[in-house]
Amino acid sequence: MTMVLIVGVIALLGLHPANVLAGDDAFVRLDYPSAIAAYEGEYTRFPDDTELLWRLARVYVCAGEIKEGEDAAQDFRRAEQYARRCIELDSATVEGHTWLAASLGYQALHADLVEKIELTAEMHRELDRVLALDPQNDAAYSMRGSYFRAFANASWVERRIAVLLFPSLPEGGYEEAEAALKKAIALAPEVMRHHYELGILYLDWGRTADAKAALEHAATLPVRVAIDIPRLAKIQKLLASLTSARERE
(Lines give C-alpha, C1' and ligand atoms only; values in the text may rest on other atoms or scores of the structure.)
Protein backbone atom coordinates (compact mmCIF):
# COMPACT_ATOMS: atom_id res chain seq x y z
CA MET A 1 0.00 0.00 0.00
CA THR A 2 2.84 2.37 0.88
CA MET A 3 4.56 1.68 -2.48
CA VAL A 4 1.31 2.39 -4.33
CA LEU A 5 1.04 5.70 -2.49
CA ILE A 6 4.65 6.62 -3.29
CA VAL A 7 4.16 5.81 -6.98
CA GLY A 8 0.99 7.88 -6.99
CA VAL A 9 2.72 10.87 -5.44
CA ILE A 10 5.59 10.58 -7.91
CA ALA A 11 3.14 10.53 -10.81
CA LEU A 12 1.39 13.63 -9.48
CA LEU A 13 4.75 15.39 -9.32
CA GLY A 14 5.33 14.66 -12.98
CA LEU A 15 7.75 11.76 -12.56
CA HIS A 16 6.73 8.50 -14.21
CA PRO A 17 8.59 5.71 -12.44
CA ALA A 18 8.00 2.71 -14.72
CA ASN A 19 9.88 3.90 -17.78
CA VAL A 20 11.99 6.61 -16.15
CA LEU A 21 13.50 4.19 -13.67
CA ALA A 22 14.06 1.64 -16.43
CA GLY A 23 15.71 4.33 -18.53
CA ASP A 24 17.89 5.49 -15.65
CA ASP A 25 18.96 1.92 -14.96
CA ALA A 26 19.84 1.36 -18.64
CA PHE A 27 21.74 4.67 -18.71
CA VAL A 28 23.88 3.68 -15.73
CA ARG A 29 24.59 0.34 -17.43
CA LEU A 30 25.69 2.30 -20.56
CA ASP A 31 22.88 0.68 -22.55
CA TYR A 32 21.88 3.86 -24.33
CA PRO A 33 19.51 2.28 -26.92
CA SER A 34 17.44 0.79 -24.09
CA ALA A 35 17.51 4.06 -22.16
CA ILE A 36 16.32 5.95 -25.23
CA ALA A 37 13.54 3.45 -25.82
CA ALA A 38 12.38 3.72 -22.21
CA TYR A 39 12.47 7.51 -22.09
CA GLU A 40 10.87 7.99 -25.50
CA GLY A 41 8.16 5.49 -24.62
CA GLU A 42 7.21 7.70 -21.70
CA TYR A 43 7.73 10.88 -23.74
CA THR A 44 4.94 9.91 -26.13
CA ARG A 45 2.59 10.07 -23.12
CA PHE A 46 4.13 13.08 -21.36
CA PRO A 47 5.71 15.33 -24.03
CA ASP A 48 5.89 18.34 -21.70
CA ASP A 49 7.73 16.61 -18.86
CA THR A 50 11.02 18.44 -18.30
CA GLU A 51 12.46 15.49 -16.34
CA LEU A 52 12.08 13.32 -19.44
CA LEU A 53 13.29 16.03 -21.79
CA TRP A 54 16.62 16.64 -20.09
CA ARG A 55 17.17 12.91 -19.68
CA LEU A 56 16.61 12.47 -23.42
CA ALA A 57 19.06 15.29 -24.14
CA ARG A 58 21.61 13.66 -21.85
CA VAL A 59 21.33 10.17 -23.31
CA TYR A 60 21.54 11.43 -26.88
CA VAL A 61 24.70 13.41 -26.08
CA CYS A 62 26.25 10.35 -24.45
CA ALA A 63 25.16 8.10 -27.33
CA GLY A 64 26.59 10.54 -29.87
CA GLU A 65 29.94 10.67 -28.10
CA ILE A 66 30.71 7.07 -29.07
CA LYS A 67 29.54 7.39 -32.69
CA GLU A 68 31.11 9.00 -35.73
CA GLY A 69 30.03 11.06 -38.71
CA GLU A 70 26.38 11.64 -39.43
CA ASP A 71 25.24 9.14 -36.81
CA ALA A 72 26.90 11.22 -34.10
CA ALA A 73 25.69 14.50 -35.60
CA GLN A 74 22.12 13.25 -35.66
CA ASP A 75 22.26 12.32 -31.98
CA PHE A 76 23.67 15.72 -31.03
CA ARG A 77 20.91 17.47 -32.99
CA ARG A 78 18.29 15.37 -31.22
CA ALA A 79 19.86 16.23 -27.88
CA GLU A 80 19.70 19.90 -28.80
CA GLN A 81 16.00 19.64 -29.70
CA TYR A 82 15.06 17.95 -26.44
CA ALA A 83 17.15 20.38 -24.38
CA ARG A 84 15.62 23.40 -26.08
CA ARG A 85 12.12 22.06 -25.45
CA CYS A 86 13.01 21.46 -21.81
CA ILE A 87 14.21 25.06 -21.41
CA GLU A 88 11.20 26.39 -23.28
CA LEU A 89 8.94 24.71 -20.72
CA ASP A 90 11.07 25.65 -17.70
CA SER A 91 13.97 28.03 -18.17
CA ALA A 92 15.21 27.29 -14.65
CA THR A 93 15.98 23.64 -15.41
CA VAL A 94 19.74 23.42 -14.89
CA GLU A 95 20.05 20.09 -16.69
CA GLY A 96 18.33 21.49 -19.77
CA HIS A 97 20.92 24.25 -20.11
CA THR A 98 23.76 21.84 -19.28
CA TRP A 99 22.91 19.34 -22.00
CA LEU A 100 22.09 22.05 -24.51
CA ALA A 101 25.59 23.43 -23.96
CA ALA A 102 27.08 19.95 -24.42
CA SER A 103 25.13 19.29 -27.62
CA LEU A 104 26.18 22.64 -29.09
CA GLY A 105 29.81 22.07 -28.16
CA TYR A 106 29.91 18.75 -29.97
CA GLN A 107 28.23 20.18 -33.05
CA ALA A 108 30.77 23.00 -33.10
CA LEU A 109 33.63 20.50 -33.41
CA HIS A 110 32.60 19.60 -36.96
CA ALA A 111 31.12 22.89 -38.18
CA ASP A 112 32.67 25.42 -40.55
CA LEU A 113 34.37 28.44 -39.00
CA VAL A 114 31.44 30.85 -38.81
CA GLU A 115 28.96 28.22 -37.59
CA LYS A 116 31.58 26.95 -35.13
CA ILE A 117 31.86 30.42 -33.64
CA GLU A 118 28.08 30.84 -33.49
CA LEU A 119 27.61 27.49 -31.77
CA THR A 120 30.48 28.15 -29.37
CA ALA A 121 29.09 31.56 -28.45
CA GLU A 122 25.70 30.07 -27.65
CA MET A 123 27.33 27.23 -25.75
CA HIS A 124 29.15 29.75 -23.58
CA ARG A 125 25.94 31.67 -22.91
CA GLU A 126 24.32 28.40 -21.81
CA LEU A 127 27.23 27.68 -19.48
CA ASP A 128 26.76 31.12 -17.94
CA ARG A 129 23.09 30.27 -17.35
CA VAL A 130 24.00 26.94 -15.78
CA LEU A 131 26.42 28.56 -13.34
CA ALA A 132 23.96 31.34 -12.55
CA LEU A 133 21.42 28.68 -11.58
CA ASP A 134 23.92 26.27 -10.02
CA PRO A 135 27.32 27.77 -9.11
CA GLN A 136 28.57 24.32 -8.08
CA ASN A 137 27.95 22.64 -11.45
CA ASP A 138 31.13 20.70 -12.26
CA ALA A 139 30.05 19.85 -15.83
CA ALA A 140 29.78 23.54 -16.70
CA TYR A 141 33.26 24.27 -15.37
CA SER A 142 34.66 21.29 -17.25
CA MET A 143 33.12 22.42 -20.54
CA ARG A 144 34.33 25.96 -19.88
CA GLY A 145 37.84 24.61 -19.38
CA SER A 146 37.64 22.77 -22.71
CA TYR A 147 36.43 25.98 -24.37
CA PHE A 148 39.35 28.03 -23.08
CA ARG A 149 41.83 25.34 -24.18
CA ALA A 150 40.31 25.34 -27.67
CA PHE A 151 40.40 29.15 -27.75
CA ALA A 152 44.07 29.12 -26.78
CA ASN A 153 44.85 26.58 -29.50
CA ALA A 154 42.94 28.46 -32.22
CA SER A 155 44.85 30.52 -34.74
CA TRP A 156 45.15 34.29 -34.30
CA VAL A 157 42.80 34.80 -37.27
CA GLU A 158 40.17 32.47 -35.78
CA ARG A 159 40.32 34.25 -32.44
CA ARG A 160 39.98 37.69 -34.04
CA ILE A 161 37.01 36.59 -36.15
CA ALA A 162 35.34 35.10 -33.08
CA VAL A 163 35.70 38.31 -31.07
CA LEU A 164 34.56 40.47 -33.99
CA LEU A 165 31.43 38.38 -34.57
CA PHE A 166 30.65 37.98 -30.86
CA PRO A 167 32.28 40.74 -28.77
CA SER A 168 30.85 39.23 -25.59
CA LEU A 169 32.63 35.93 -26.20
CA PRO A 170 35.24 35.67 -23.43
CA GLU A 171 38.85 35.49 -24.43
CA GLY A 172 41.09 33.22 -22.45
CA GLY A 173 43.90 30.75 -22.61
CA TYR A 174 45.63 27.97 -20.78
CA GLU A 175 45.51 29.73 -17.40
CA GLU A 176 41.73 30.19 -17.60
CA ALA A 177 41.30 26.61 -18.80
CA GLU A 178 43.36 25.31 -15.89
CA ALA A 179 41.36 27.32 -13.36
CA ALA A 180 38.03 26.08 -14.75
CA LEU A 181 39.13 22.44 -14.87
CA LYS A 182 40.58 22.55 -11.38
CA LYS A 183 37.27 23.96 -10.16
CA ALA A 184 35.44 21.06 -11.87
CA ILE A 185 37.81 18.60 -10.19
CA ALA A 186 37.30 20.21 -6.78
CA LEU A 187 33.53 19.85 -7.20
CA ALA A 188 33.57 16.30 -8.63
CA PRO A 189 36.97 14.65 -8.13
CA GLU A 190 35.69 11.23 -9.27
CA VAL A 191 34.82 12.29 -12.83
CA MET A 192 37.35 10.98 -15.34
CA ARG A 193 36.67 13.66 -17.94
CA HIS A 194 37.81 16.53 -15.72
CA HIS A 195 41.24 15.00 -15.02
CA TYR A 196 41.63 13.84 -18.62
CA GLU A 197 40.91 17.32 -19.97
CA LEU A 198 43.38 18.79 -17.50
CA GLY A 199 45.99 16.31 -18.70
CA ILE A 200 45.37 17.22 -22.34
CA LEU A 201 45.59 20.90 -21.43
CA TYR A 202 48.98 20.34 -19.81
CA LEU A 203 50.21 18.47 -22.87
CA ASP A 204 49.17 21.39 -25.10
CA TRP A 205 50.86 23.73 -22.63
CA GLY A 206 54.12 21.76 -22.64
CA ARG A 207 53.83 20.83 -18.96
CA THR A 208 54.64 17.16 -19.43
CA ALA A 209 55.12 16.19 -15.79
CA ASP A 210 51.79 17.75 -14.81
CA ALA A 211 50.10 16.07 -17.78
CA LYS A 212 51.43 12.69 -16.71
CA ALA A 213 50.19 13.16 -13.14
CA ALA A 214 46.72 14.24 -14.28
CA LEU A 215 46.40 11.37 -16.75
CA GLU A 216 47.65 8.81 -14.23
CA HIS A 217 44.97 9.92 -11.82
CA ALA A 218 42.31 9.89 -14.55
CA ALA A 219 43.22 6.26 -15.29
CA THR A 220 42.25 5.25 -11.74
CA LEU A 221 38.72 6.64 -11.96
CA PRO A 222 35.56 4.66 -12.70
CA VAL A 223 33.83 4.45 -16.07
CA ARG A 224 30.60 6.41 -15.70
CA VAL A 225 29.61 7.09 -19.31
CA ALA A 226 30.38 5.13 -22.45
CA ILE A 227 32.92 7.63 -23.78
CA ASP A 228 35.05 6.87 -20.71
CA ILE A 229 35.96 3.50 -22.24
CA PRO A 230 37.77 4.87 -25.34
CA ARG A 231 38.92 7.79 -23.18
CA LEU A 232 40.65 5.35 -20.84
CA ALA A 233 42.30 3.61 -23.79
CA LYS A 234 43.59 6.98 -25.03
CA ILE A 235 44.88 7.82 -21.54
CA GLN A 236 46.82 4.57 -21.40
CA LYS A 237 48.25 5.21 -24.87
CA LEU A 238 49.30 8.74 -23.92
CA LEU A 239 50.92 7.53 -20.71
CA ALA A 240 52.84 4.86 -22.59
CA SER A 241 54.04 7.49 -25.04
CA LEU A 242 55.11 9.84 -22.24
CA THR A 243 56.98 7.04 -20.47
CA SER A 244 58.72 6.04 -23.71
CA ALA A 245 59.73 9.63 -24.41
CA ARG A 246 61.18 10.01 -20.92
CA GLU A 247 63.17 6.80 -21.27
CA ARG A 248 64.71 8.10 -24.53
CA GLU A 249 65.93 11.29 -22.86
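Visitor: How do H7 and H8 pack, in terms of angle and axis distance?
Guide: Helix H7 (residues 113-133) and helix H8 (residues 138-153) pack at an angle of about 150°, and their axes lie 10 Å apart. H7 is therefore roughly antiparallel to H8, a label that applies to angles over 145 degrees. Axes here are lines fitted to C-alpha atoms over the stretch in contact, and angles run from 0 to 180 degrees between N-to-C directions.

Visitor: Which residues make that contact?
Guide: On H7, the contributors include Thr-120, Met-123, His-124 and Leu-127; on H8, Tyr-141, Met-143, Arg-144 and Phe-148 are among them. Contact means heavy atoms within 4.5 Å.

Visitor: Is the crossing left-handed or right-handed?
Guide: The crossing of H7 and H8 is left-handed, meaning that the near helix is turned anticlockwise from the far one by less than a right angle.

Visitor: Where does the model come from, and what are the conventions?
Guide: This is a predicted model, in which local features need pLDDT of at least 70 and side-chain atom pairs count only at pLDDT 80 or more, while totals for chains, interfaces and linings use all residues. Residues are numbered from 1 along each chain as its sequence is written, and side-chain values use heavy atoms, with hydrogens and water left out.

Visitor: What about Glu-122, buried or exposed?
Guide: Glu-122, which is found in helix H7, counts as buried because its relative accessibility is 17%. Buried means under 20% relative accessible area, exposed over 50%, and partly exposed in between, with a 1.4 Å probe and protein chains only.

Visitor: What does Glu-122 touch?
Guide: Leaving aside residues up to four places away in sequence, Glu-122 touches Arg-84, Leu-100 and Leu-104.

Visitor: Switching topic, what is the phi of Leu-30?
Guide: Leu-30 has a positive phi of about 70°, although it is not a glycine. Leu-30 lies in the loop between helix H2 (17-28) and helix H3 (32-43), and it counts as partly exposed because its relative accessibility is 23%.

Visitor: How many disulfides are there?
Guide: A search of the whole structure finds zero disulfides, a disulfide being a pair of cysteine sulfur atoms within 2.5 Å. Cys-62 is buried at 3% relative accessibility, and Cys-86 is buried at 0%.

Visitor: And overall, how many helices and strands does the chain have?
Guide: The protein chain has 13 helices and zero strands; these are DSSP runs, with helices (H or I) of at least four residues and strands (E) of at least two, numbered from the N terminus. Buried residues make up 46% of its 249 residues.

Technical notes
Parallel < 35°, antiparallel > 145°, perpendicular 65-115°, else oblique.
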